Each structure stands twice: as C-alpha cells, then as structure tokens.
Amino acid sequence: MKRTLISALVLTGMSFTTIAAEQDAFKVKPYLQNPTSSSMTIMWLTTDNKPGELKVSGEGYTESFTSQPEPATGLQYFPTEVEKYFQGKDQATTPYIHHIQVSGLKPGTQYQYSVEQNNQQYDAQFNTVPTKDGKVRFVVYSDSETEPESTGKTRRWSEPYGDFDRQYLVDQTVGYQENIRVMFERQPDFIAIAGDLVESGNEQRDWDEFWRHNAGEFNNIASFVPLFSAIGNHENYPGPDGGLAEYDTELAQQAIARYKTYFDVPDNGSNNAAYKDRYYRVDYGPITYITIDTSDGKPNKTDKDTNWRLEGVNAPDFNPGSEQYKWLEIQLADAQKNSQFTFVQFHHIPYSVGPHGFPTGSNGFEKGEDNQSGVPVRVLTPLFEKYGVDAVFAGHDEMYEHSVVDGIHFYDAGIGGDGLRGPYFGKDGKYKVDMDNPYQTYLAHLDAPEVWQGKQLVSGGKHYGHLEVNVFQNDQGQWLTEISPVYVFPIMDTSGKVTDWERRVYDDVVTLKAE
Ligand SMILES: [Fe+2]
Ligand SMILES: [Fe+2]
C-alpha cells in the first residue's frame with residue numbers, strides 16, 4: 001500500500017499552508033502545551049543552540065519573543081542506539097528545547113503564530129480555552145506505541161471466532177497516520193492520550209517517531225491542537241539496554257525523564273519533585289479533565305499493584321491514603337461544583353476482557369492472572385461515583401471496549417496505532433481461560449461484526465480509531481456531552497487491496513446530560 005503523503009499540506013482551519021520540505025531547522029516542530037483561557041505554551045526542539053523568534057498575532061494582539069534554548073540532556077541517544085542504528089556516527093549530541101509561554105490572551109480566540117529558526121519560517125495557529133459557556137470538542141485515544149520498527153510491521157487482528165493469528169491490513173505506521181489525519185480533519189480543541197505513547201520510553205528513536213507523527217514529517221497536528229497525555233507502562237520501558245522481565249529502576253527513571261522533557265502541564269502542587277507533571281488537572285471551558293498516573297500501585301507485588309515488574313521508581317501511588325488519591329479527591333469535589341462535566345484519564349483500564357482484565361498476580365495468563373493488571377484501579381470507582389465523574393478514558397488492553405459501572409462510562413480507547421486486540425482469553429482466546437466483564441456494553445471485536453464480499457471488507461470489524469467527545473448546550477440551555485467511538489475504516493478494492501480510508505462511527509454513541 002502506498003503511504004498517504006500528508007506532510008506537504010496541512011489543514012489550518014480555513015486554508016492550506018505549505019511547509020518547507022527541505023532540510024528541517026526543527027528536530028520537533030513547534031507544538032502546543034498547557035493552554036488556558038489567557039495563555040498558551042509553545043515548544044520546539046532543535047539540534048543546535050541558536051535562539052528562535054516567535055511571533056503571535058490576533059484580535060488586536062501582536063507580540064514577539066526570542067527563545068532561550070536549553071540543552072535537553074535527558075534526550076540523548078543510547079550508545080547502543082548509535083551503534084546499532086546510526087552506524088556509530090555521533091548522534092549522541094544533546095538537542096535543545098525551546099519553551100515560550102504566551103500570556104495576556106483572550107479566551108476562546110484564535111491566534112496565528114510563526115516561529116523563525118535558522119532562517120526557516122514555520123506558521124501555525126492555536127485557540128485559547130473558551131469561557132465556561134463555550135462548546136468543546138476533544139479527541140481521546142491511547143496506545144500509539146510508536147517506534148521506527150512499526151513501519152512494515154502489522155498487528156494481530158484475530159477473527160471474532162476464527163483465526164487467532166490473522167494480521168491487520170496495513171502496518172502500524174499507516175494505521176496511526178490515518179487515525180491522526182481523521183482527528184485533524186475534525187479540528188478538535190485538544191487531544192488527550194491515555195498513555196503508551198511510545199513503544200519504549202527510554203529509547204530516543206521511539207520518541208523521535210512519536211513526534212514525526214505529531215509535530216514532524218508525517219503530520220503536525222500538535223502544532224495546532226494541544227496534547228494532554230497520561231503515563232502508561234510503556235513510558236517506563238527501559239530502552240534498548242534493558243529487558244522487560246523486570247524494569248530496571250534507573251532506566252525506567254531515565255524513560256520518565258524523557259517523557260517529562262516533552263510535556264508542560266499545570267502544576268499539581270506536590271512537594272515531591274518526582275510527582276510533578278505525572279498527574280494534573282485541566283479546566284477547559286465548561287469541563288474539567290483530570291489526568292492521573294496509575295503506572296505503579298503500591299505496595300509492590302500486591303493486589304494494589306498495576307505493575308509487578310516495576311519497583312522503586314518514583315511513581316505516585318493511586319490507592320486510598322496516597323498523596324495522589326487525596327489530590328484527586330479535592331479536584332473531583334471542586335470539579336463537581338464548578339464544571340458541567342468531569343472526565344478522568346489514566347492508562348490502566350479497570351474493566352476489560354483483554355489480558356490486563358485478569359486480576360493482578362504473578363501466575364500468568366494460563367492461571368488467569370496478570371502482573372500488569374488494570375483491576376487494582378477499580379479502587380477509584382467509588383470516588384468517581386461519589387463526585388459524579390461522567391466518563392473515564394483509558395487504554396492498555398488495546399481494544400474498543402465500553403463498560404458502564406454505577407452510571408460511569410469506562411472506555412478502553414487503546415486503538416491509537418499499535419495493537420488491535422480482541423478478547424484474548426475469552427471466547428476466542430488462545431488460553432481458553434474463562435473471563436467475563438459483566439459491565440461491558442460494547443466491544444468492537446464482537447459487536448461490529450465484519451461483513452465481507454469476497455476479499456473485500458464492506459463494514460464492521462475492529463480498526464484503529466479514537467473517541468470524539470463533543471460538549472455543548474442545546475436550544476433549551478441543557479448541557480450535553482456526546483461520546484462517539486470513531487474508527488478509520490480501510491476501503492478495499494475487489495482484490496482486497498486498501499485504496500482509501502473513511503471515518504466511521506461504531507453504533508455506540510452515548511449522550512450524557514449535565515445535572
Ligand atoms: Fe499498550
Ligand atoms: Fe499499556
């Protein structure tokens with residue numbers, strides 16, 4: 001299949017803008033972080049230390065800024081990477097990160113910006129957060145798990161009741177590209193990623209690949225739409241020097257340092273420096289969007305632990321009594337009073353028929369246990385119920401699965417760009433261990449049956465995708481949230497070749513009313 005060329009033209013809302021295709025001044029193109037109703041943070045990375053010029057204009061506002069590039073010491077390549085992938089050529093140089101917060105802006109307003117770096121000009125635009133009566137559209141997905149090796153590598157796409165080892169129609173790179181292209185066309189206000197952004201958090205090439213998709217040669221959606229991400233287990237992966245049987249603590253900490261370098265999020269007020277940027281709250285017009293870190297429940301190797309292989313890293317616990325739990329309760333109580341809707345995102349889906357839906361334990365899938373289980377996070381459900389959380393967005397099991405627990409909608413939206421799992425261990429599962437999720441209301445794998453005409457898939461099936469969430473007021477002034485599970489459907493010719501893509505929505509659209 002020919003890869004769709006999308007780097008030359010980008011959608012800017014009103015017109016198409018050409019991006020210079022020659023030698024790029026940017027290692028990562030300018031991208032948006034930490035939006036508020038009066039400010040926006042713009043970041044970019046370069047391979048040299050020259051300052052860049054940022055110009056912002058709109059609605060009577062014109063301002064220029066000069067960046068102060070800082071060496072991003074955490075983003076060096078491993079000697080192993082240099083040796084293996086760069087023929088020993090010195091790629092171990094430290095990149096430079098540019099970070100400018102633009103303030104004094106008006107709410108719900110569009111601004112143009114341009115960054116001039118090494119005589120190359122880059123143009124994009126952003127919107128500030130609207131006031132509390134503004135409407136909001138956002139997209140959420142999980143598990144992009146980028147790495148250069150995704151190109152040419154397809155994922156297992158098991159049939160509902162048949163071939164367990166069938167492979168998907170296109171590779172992961174194309175799948176993620178098409179997914180992002182569809183998101184961008186819908187012009188969301190922000191994009192939330194519920195963890196597992198990269199394959200291995202401590203492999204720099206995997207981060208390079210993530211930004212190639214989001215602010216680079218494949219797409220530049222993050223130049224126009226801010227990203228809010230959560231930390232998944234893959235963000236703790238030790239990189240090319242470490243195995244995964246046990247995550248090496250020091251390597252996992254280096255991995256998290258890479259993650260933190262890229263993202264600028266609101267302060268969570270923790271006095272523990274290690275917890276900074278790992279959980280945070282965003283108020284976006286009428287909604288509150290809370291991100292928490294479920295990557296390592298404590299005590300280690302108990303039924304409270306989401307990752308038995310990760311030990312002693314400075315991850316904040318999420319269990320009752322922990323600092324993060326107390327913070328979460330305060331935010332939820334406040335959001336219930338002050339926002340129309342409250343959403344929470346984290347990585348580990350607590351209700352699932354995938355392998356991470358098994359109870360936590362070390363005896364393996366054959367015995368119905370998983371040492372990276374999402375089940376421990378169920379401990380937070382009573383808190384979500386108490387404070388009227390509307391929906392919880394997660395991933396980790398890489399399915400589209402929707403569950404309703406005590407009126408709260410839980411989503412595994414882990415179909416960003418890597419896996420396409422089905423219910424591994426249930427009806428068609430390899431290990432034939434009985435597993436059930438009594439809260440499940442929709443599972444793409446089974447509830448959207450594939451319809452084939454010869455070699456052509458006509459409809460249904462489990463594909464790459466995301467959730468699109470629209471928050472708005474109807475004519476009667478009632479606040480509504482509509483959650484649509486979107487998938488990117490591969491259009492095939494009669495020979496079974498994928499020739500095009502189409503945005504489709506699973507028959508599982510939910511509308512919530514604010515109380
Ligand atoms: Fe994943
Ligand atoms: Fe995961």
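The iron ion (ligand 2) in this predicted model takes its protein donors from Asp 196 (OD), Asn 233 (OD1), His 347 (NE2) and His 396 (ND1), at 2.1 to 2.2 Å. Donors here are N, O and S atoms within 2.8 Å of the metal (3.2 Å for Na, K and Ca), and with water not among the atoms, sites may look incomplete. The angles subtended by the four donor atoms run from 87 to 167°, so the arrangement is irregular.

Asp 196 and His 347 are both buried, where buried means under 20% relative accessible area, exposed over 50% and partly exposed in between (1.4 Å probe, protein chains only).

I turn to the rings. The charged end of Arg 205 sits over the ring of Tyr 85, 3.4 Å from its centre, and that of Arg 504 over the ring of Phe 489, at 3.8 Å. The criterion is NZ of Lys or CZ of Arg within 6 Å of the ring centre and within 35 degrees of the ring normal.

On conventions, residues are numbered from 1 along each chain as its sequence is written, while chains are lettered from A and ligands numbered from 1 in the order in which they are written. Local features need pLDDT of at least 70, side-chain atom pairs count only at pLDDT 80 or more, totals for chains, interfaces and linings use all residues, and side-chain values use heavy atoms, with hydrogens and water left out.

How values were computed
Four donors count as tetrahedral if all angles lie between 85 and 135 degrees; four count as square planar and six as octahedral if opposite donors are over 155 degrees apart and all others between 65 and 115; anything else is irregular.
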